[in-house]
Structure formats: structure tokens, C-alpha cells
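Please examine the sequence and the structure shown below.

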Amino acid sequence: MADVVIDGRRLTPRQVAAVASGATVSLDPAALRRMLESAELFPQHIIREKWSMLVGGEAPADSAVAVRTFIEGHCAGVGEPLSEPVLRALMVCRANVLATGFSGARPEAVELLLAMLNAGVTPVVPSVGAVGVGGSIALAHVARVMCRYGGKVRRNGELVPLEEAMRGLPELVPTEKDALSLLNGSTLTTAMGALAVAGAHTLLDAAVAACALSYEVVRADLHCLAEGPLAARNHPGAVMVARRLRLLTDQSTLATLQRRPDSFSVRCAPHTLGAAYDTLHYVEEVVTRELNAAVDNPLVFADSREVLEGGNFHGAPVALVMDHLKAGLTQVGSMAERRLFRLTYGQLSGLPSFLVHGTGFNSGLMLAQYTAASLVSECKGLSHPASVDSVPTIQHHEDHISMGPIAASGALHLVDLLADVVAIELLCAAQGLDFRTGSEEAGRAGRGSRSIHAAVREIVPRWDADRVLHTDLRALGAAVRAGRFGPDAIQLAPVEPAVAGGV
Amino acid sequence: MQPIRLTGNDLTFADVAAVARSGCPVELAPDARERMSRTRAWVDGVVGGPQSMAVYGVNTGYGSLARVRIDDAHIAQLSWNLVRSHAAGVGPAVSPDAVRAMMLLRANALAKGASGVRPELVDTLCAMLRSDVVPVVPSRGSCGSSGDLAPLSHLGLVVFRGPDDEDAAESGEAWFAGARVPGATAMREAGIPRLVPAPKEGLGMINGAQLTCAIAALTVVDACEVVLASEIACAMSFEGLLAVTRALHPGVHALRPYRGAVQTAANLRRLLEGSTLVDALPDKVQDAYSLRCTPQVVGAARDGIRFAAEQIAIELNAVTDNPVILLDAQAGPEGENKAFSAGLFHGEPVGLAADHLKLCVSEVGAISERRIYRLTTGNLSARLPPLLAERDGLRLGLMMPQVSAAALVGHNRQLAYPASADSIPTCEDQEDHVAMSTTAARRAAEVVDNTRQIVAIELLAATKALWARLSDDPGAKLGIGTRVALAVVEERLGGRRTAAAPADDIEKLVELVREGALTRAVQDAVGPLAGVIDG
């Protein structure tokens, strides 16, 4: 059985991410039946009927010529190819759109998409040049390969000739309705949006872990996590983050209840991380709805036997939330950078400058903070919203566009940049904790913090003398992206007898 | 190819492009070598000498750690520690041509003889350029102040080795002979010895915004080509849309004499000389802005690009180090200390220039897209076929390429957001205002890439428009410049036909512009057009 079964109703961003990284997919039999019902009702010559509206002039008499012209003519776009994971996400998302049963596409199209995914075959599609409405350029490049008209194609990452890649896969002789359904909609935006959502979960979970570790190092006053004030404000994300931080720092002798309010990057962490989680949950709701939405046009309603035109393809809903997600995540990164700035700042942390003995001779983690600052700054630029822009296209016909692909690819890029910022906070905080728990100070970190620290130390050794910093950053960045610091990966140390001053 | 001699004073944009992209060899000029040796001797005197003088970066810690004095025995290790701990880049690698440009610019800055490093260090960089040993430099993570520390440290990992060991695991990575290998392997196979850093050489290697400047310089070169190509495409659109050329009249531009506008108008007039398609509609008095105001818009972009280029040209031949050693300076109250701590490494001048450059080039793309829209829109195109579809109905025409151009404009608008406007304090508040210039330069390069693609789409659209005009009126004559441009485009497309998938044609025309073949062929026919920058 396949790893993921699509039925047009229940696809989640996490499943999309799983397929993007190689999971297999199959079509639910009930969805297949729904598709067959609506395919029967669909206008046979939809493309030639729409020709005069879209192109003006006479449509070709031959249906097969019209189909081929239509698909190939949509293959614009420029620039570097989309990455393999994005392509796989695009394909499974489009298959799921068709599986909703409102498109009127035949199951053959979905079956071929899934067969290609399961065989590791992905078309090469330019990354730039889609605006997130109507006929999708990226989908056209996929359809061109599906119909074996031409184009470049990869199998398991290697460029191979088209015929060889498609050998043994089902053949698709596309009808006009297949062609239209394969192309219509802002699925590229949704696919990248789903990957951004999945990546943002991994990122924020690791950001909470890094924050807990920093709490230990700065000996945070844990009053900022107290339930009362947070409940009195009652944002669910902040309440949840504070609960998680309390658990991770439970039984710490470093981060304790004191009367010494910390700086904002420490004291207000539950509020910014929490706001980001709230944002993410809202964004995920929209993206998940869109993943299982009929974003095609026209749509077929088998029950009432109607075919109706609308504007379901417009990318605005996902474009807007992608811009929102970027802002939410950037402020998390921005605050993480301020915390790790404190950690590396001798006069603020009370630890050796840049967290190394023999400073001067060693520069320690000095540059790690620069790198974090640069990455955060880059995120600020990326956070500039894409969806506020629009450029009229296609002869006044598509006179307002969503710029969704730019918003979503920006969000995906931003998630990637911030993984390294979180990795740097983990690196600095683990190093700082070594000072706090070492021979000079015999502090003890919380039940979860100890596990986070151990995980960092499995990946990078303590910084006793200068070495190549890039090596550590690369290894920790990869671990953050792989979910090594998610709540499931963090073991809580057993509860020990209460210590005076502990939580 | 004649080697370029590095003097610290004479490097041009053309030199940077030749070394970065065409493998032109480089060597240190004899007088520069002599200058370097003299300042080097002074540094050697500080370390081994009788006077116990603290000189930043020679026998102190770095950044806010300048307060820490390092004893002479540990000075080589100090430099090696600096390079390793500062190799803090992340993300995908910088393109090899930009890394080569960065190496060249660093070598030229050192050739100025104010950094106090040995001539051997420049010789090593020149040898690496000659053998094409290109260090792998991660693109992300530099603040551009104090310079591109992390990117240059990744170069330093390959150039240097530790005083006590040669640990290949700590030698970074390099591309050599088509493979990505450890830096030590690349250097060994190329026969170039890695150097144990002499005092100050760690800092001398890494302090300065050379990655910013390398990317910015190559971007200036590319931007000049793209702007000129956009004027050629615009001239073709003038004909395709049967435009009025009165807006290009020199008398008009003399009344508002911006240099760029005057140049753009002159270029368009020259390209359109002899055309029977422009000024052909007796009742038409003026055109839409995307045609009529091209001199104002592209001209203003030219002025901005020229300003940016002037700034970047200064940086090509600048010392960007700290401290600088001024042997001839008055001794002053500090006695024999010839080292002056200052802020020449700060990336701001280049970062601001790069931000301005990308804003200017994005406008060149934006107005080009509006002309593509007119060419493909039935009621705006003076009766060209809607979407420029073939009249046999077997093509969708350029419906989707126009959409792609619109997307590129949207992307450029995002990238135009200024990176220099941001700053985040670093290094225990010692470096409390940073440039973010590297990000500005990287984004400028992206904007120019995107704009090249928009211009390629306009070339395709204008070409199809001219085909339609010529088929309607086989006796029509094109301008002396546009007729050559059309021929060059047709040659690249393989005749008077387009591919089924427009992406295939666009890709060919992007390459045509990138190679400079379009502007070369047109200027061979009509003589030199006004360039964007001088020289």
C-alpha cells in the first residue's frame, strides 16, 4: 500500500511534504468513482469553445491539435528549474485537486501523475514566471511531459530522455477536458505553501527548544512563563509555548522564579513564538482548505448535473497567508538573533565573550552571531509582501493577479534561512550551558533542556579552541531541518526531588 | 591573453569580467610588489622588534576583542584561528565567476601596499586564478561589515594552512578540474603551496567587502548589456506598434537635459533611422508612456546605474583593510606606529550603490513588460494579431510569456526592497551599524537576471510583431539598427518561426542577450551606441 492515499478531501501539508521527500501515493477508489461521474458530464470541446475568448480567432478543427497547442503554448517561464521536492509537491497537489471530482478530468490523468511520482519521474520546470492565477505555466510543463510532447525530465534526480523516463508508465491521450484540468489553477502556490507550512512547524518547534536552552544560559526569570498573565491575555499560541518552555526548563536550577525581569528577547519569547504559532495555525487552515479545494474552472456538479464557471483558480487566499507567514516567522528569527547576541556578549551574559576561553586568541562564536544577523536581515527583505502587487495580464482578461508563487516561494526560502538562525541559537546556547554546568558553576538545566543540549552535543563538540565554524553550522542546520529538535525528539529527564528555587 | 598587472589603481569593470569569466591571467606589478614589501617590513618590525607596540590584528584579538594582547609566539596561530572561526557562511555556493572576481579584487586591494601582507599572498591568489582553483564560498551570512568576513574566510581556508599541521579537513572546499574537492587537495593538485599566515595576514585576507564588490561589479557589466538590449527591443516595439518618434527628438530632450534620457533618445533614433513603420499613421500624435516615456524611464535608470558604477569603480581600486599602514604619515603623538585603525572595510558605499542599481534595473524591466503587454493586447497593438498568435490558429501566441514577464516584474519589485536600509548590531556592540551590502549585491544580480529575461520576452514579442507587419506590407523598411536586430533574433530562433513551447524560444534569446551578441551585431552595423557607463 502507498504511503499516502489521496481522495480530494483530506490531504495535509505534512503529507505533501512526505510525498515531496519521496513517499508513494495512490488514489482512493471512492474518489475515482466521483471523477468518473463528473467526467461524463463535462463539455467535450471545452478548449475549442473557450478559444475565441482566450486567443481570439478560429479554434483548430482537430481536437488533438487544439489540446497540444493549448498545453505547449502555456509552457512559458524562465530561470533555474524548480527543485525536485517542489515538483513532487506540485504533482501530488494537482492530483488531489482532480480527485475532488469537480474538475471533470478522467482518472487516467491522476493515475499517470501518481505513477510518475511513484517511479521518481519529475518534469524539469522553470522556477520563475508564474503569477498565481488561471492557466498555470508550471502545470503546463508537467502536462507537456505527461502527454509526451517534449520537455526535459528527471528520474530519481538524473536527467534522462523523455521516452526512457516514461517507458512502462500509463499512456495518456489527453482529451480537451483533461488538458484544461491539468493546467488550470494556482496549484504551484498551494504546493509551495504546503511545504512552507510543514517546514514552519519543524522550524518553530526547534525555535522553542533553542529558546529553552537560552533560558538556562541567561538564567531567565521564569515568571514570564507563569500561567496567570498568559491566560489573562489568552492568545493560544503564547499559552502553549509557555507551557512547553515550563516543561523543558522544569527542575532547572538556572532558570528559576526570581524577581529580575529579563530583556524582551527573553521575557517576551512566549508572546512572539506564540504569535507565530497562531499565525501558522491560521495559515495552515487556509492552505489545507486549498489543498482539498476545487480550484479548477469550469466546475462539474454531478448531483445537479451542472457545469458552472467561476474564479476558484485565483491564488489570492494562499498568497495573502504566505505573506503573513513570512512576517510571523521573521519576528521569531529576529528575536532569536537578539537572544544569541546576548549569549555571545560578555557584559550581558556574564560569560566569556563569544563563549570561548582564551578570547582574543580565539574568536569563539563571534561570527555565528554575524551570520544570524545577516540571515535575519535577509528575511526582513523577503517579508516585504508580494501579494500587494498586481500587473494586468492576458489582454485585460486576467487584470488582477495574486503573485502567489512569489509569496509562497519567498515563504519557503525564508523557512530555509531561519533554520540556520535557530541552529546558531542552539549552538550558542549549548556552548553557554557548558559554562553554566561546568566546573565553575554547578548549575543543572531543566528536564528537557538537558536532552536538547545532549542532542546538540551529539552533532557538534564543545568549542574549546577555534576551528572551522561552517562545519558546525552546516551540521546543526541540517539537524534542525530534519526535525531533530521537535517535541517528539526531545526526551524529558525523569522528575527529581524538588530543589529550592526551582519551578 | 595578456596578463593583467595588478597595481591597486587601474582595475576596470572589463578587467573584472575578463578575469572572472574568460580566464584572463593576473600578475602583481613590480612597483606594487616593492610597495608591499616595504609595508611588510614595517609589520615584521612590530612583531620581532624591540618596541612593544599593540597593533590591531597583528598582536591583538579581533573585533571587540581588540582589548586582548597576544604574545608574539602565538601570532601565526592567531591568524589561522581567525580564518577558521570566521568561515561562518551558510547556504548555496556563490557562482564561480563571482568567487574569481572576489579573489581578483582582494589581490588588487592588497597590491596597494597598505595592508602589510607579503607579496606572496597576492602571488598565491594570482596562481589560483591562473590554475582555476575556485574556493567554494557559501552565499549567505555576511553583513558586509567589517567587510565580507565569512566569504573571504572560506577563501582563506584554501589559501592558508595552520602553522603546525596540514589538516585537509580544515581546508574548506574548492572546485578544481571540474570536481568539488577539499581545498588542500585542489591546491596540491594545482601545485600551489598553501601559506602559513604571517602576522596580520589573516585579517589582511578577510577584512573588506570584496564579495559585495565582486557581485556588484559583474552585475554592473551585465546591467549595461541588459539596458542596451532593452533599448534595441524598445526600438523594435516602436516599429511593431507603429509608434511616433517625435518624442525622441533631440530638441525635446535638450529642454530637460538628463544625460541618460538624451542618450536613450539618441540610441532609439539611431536604431530607427530609415524605418518606414514608425511615424506611418498620419492621425497619431502621441503614444502610451511605455513608448513615449522610455527615454525618461530608461534614461533615469542609466543615470542611476552610472552613479552606482562610479561608486563601485572606486571600490575596485580601494584598500578595504583595517588597520591600514601609512609609512609616509607624520609620526604624531603615537611615535612610530604607522598603523591607522579606521573603517575602510565598511560595505555601505557599495551596498547603497547596489541597492540603487537594482531599483534602476527593475524599472527598465517594468516598462519593458508594459510594452510586451501592448504588443500582445488586441486593442492596444495597432491591429497586430491578438496575443501575437500565428494567424493559422495553431499557436497560443505569447499569452503566457507576457504572464511570465509580469511575474518577473513582481519578483523584481520584491527584490528592489533595499537591503542597506537594515542594520543589526554585531560583535558585542562594537560593530553597531552594519551595511548588509552583500545581500544588496546578490539581489541586484537577481534583478538583472530577471530583467534580462523580460527583455528576451520583449525581443520575442517585438520580433513576432515585425513579422506580422512585414507580412502585411512586404515593402516596409525597418530601421538600420532594428533590421539587424531582427536578423540576429531570427538566426537564433532558427528562422521565421517559433517553437511550440515559448519557453524554448525565450531561453535562446536570454542567452543571446547574455552573450552580448545582440548589441555587438547591431553596433557593428550602426556604429557605437551610447553606452551606459563611460569606458
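**Briefing on the predicted model**

With 535 residues, chain B has a radius of gyration of 26 Å, which agrees with the value near 24 Å that a compact globule would have. The radius of gyration is taken over C-alpha atoms, and the globule rule is 2.2 Å times the number of residues to the power 0.38. This is a predicted model: local features need pLDDT of at least 70, side-chain atom pairs count only at pLDDT 80 or more, and totals for chains, interfaces and linings use all residues. Residues are numbered from 1 along each chain as its sequence is written, while chains are lettered from A and ligands numbered from 1 in the order in which they are written.

**Overall form of chain B**

- Along the principal axes, the C-alpha atoms of chain B fill a box of roughly 90 × 50 × 45 Å.
- Chain B has 19 helices and nine strands; these are DSSP runs numbered from the N terminus (helices: H or I, at least four residues; strands: E, at least two).

**Contact between the chains**

- Chain B contributes 71 residues to the contact and chain A contributes 73, two residues being in contact if their C-beta atoms, placed from the backbone, lie within 7 Å.
- Among the elements of chain B that give two or more residues to this side are helix 3 (75-86), strand 5 (138-140) and helix 16 (437-472).
- Helix 15 of chain B gives the most to the side that touches chain A, with 14 residues.
- By class, the side of chain B that touches chain A has 39 nonpolar, 24 polar and eight charged residues. Ala, Val, Leu, Ile, Met, Phe, Trp, Tyr, Cys and Pro count as nonpolar, Asp, Glu, Lys and Arg as charged, and the others, Gly among them, as polar.

**Helix packing**

- In chain A, helix 4 (residues 63-73) and helix 9 (residues 176-183) pack at an angle of about 10°, with their axes 9 Å apart. Axes are lines fitted to C-alpha atoms, for helices over the stretch in contact, and angles run from 0 to 180 degrees between N-to-C directions.
- Helix 4 of chain A and helix 9 of chain A are therefore roughly parallel to each other (under 35 degrees is roughly parallel, over 145 roughly antiparallel, 65 to 115 roughly perpendicular and the rest oblique).
- Residues of this contact include Phe70(A) of helix 4 of chain A and Leu183(A) of helix 9 of chain A.
- The contact of helix 4 of chain A with helix 9 of chain A comprises six nonpolar residues, one polar and one charged.
- In chain B, the axes of helix 4 (residues 96-111) and helix 9 (residues 210-240) come within 8 Å and cross at roughly 120°, which makes helix 4 of chain B oblique to helix 9 of chain B.
- The contact of helix 4 of chain B with helix 9 of chain B has 11 nonpolar, one polar and two charged residues.

**Sheets**

- Chain B has an open sheet of three strands in the order 4-6-7, with antiparallel pairing; strands pair if DSSP finds at least two bridges between them.
- Its edge strands are strand 4 (134-135) and strand 7 (179-182) of chain B.
- Two bridges join strand 4 of chain B to strand 6 (residues 173-176) of chain B, and Pro135(B) has Ala174(B) as its bridge partner.
- In chain A, an open sheet of three strands likewise has the order 4-6-7, with antiparallel pairing.
- Three bridges join strand 4 of chain A to strand 6 (residues 153-155) of chain A, where Val121(A) stands opposite Arg155(A).
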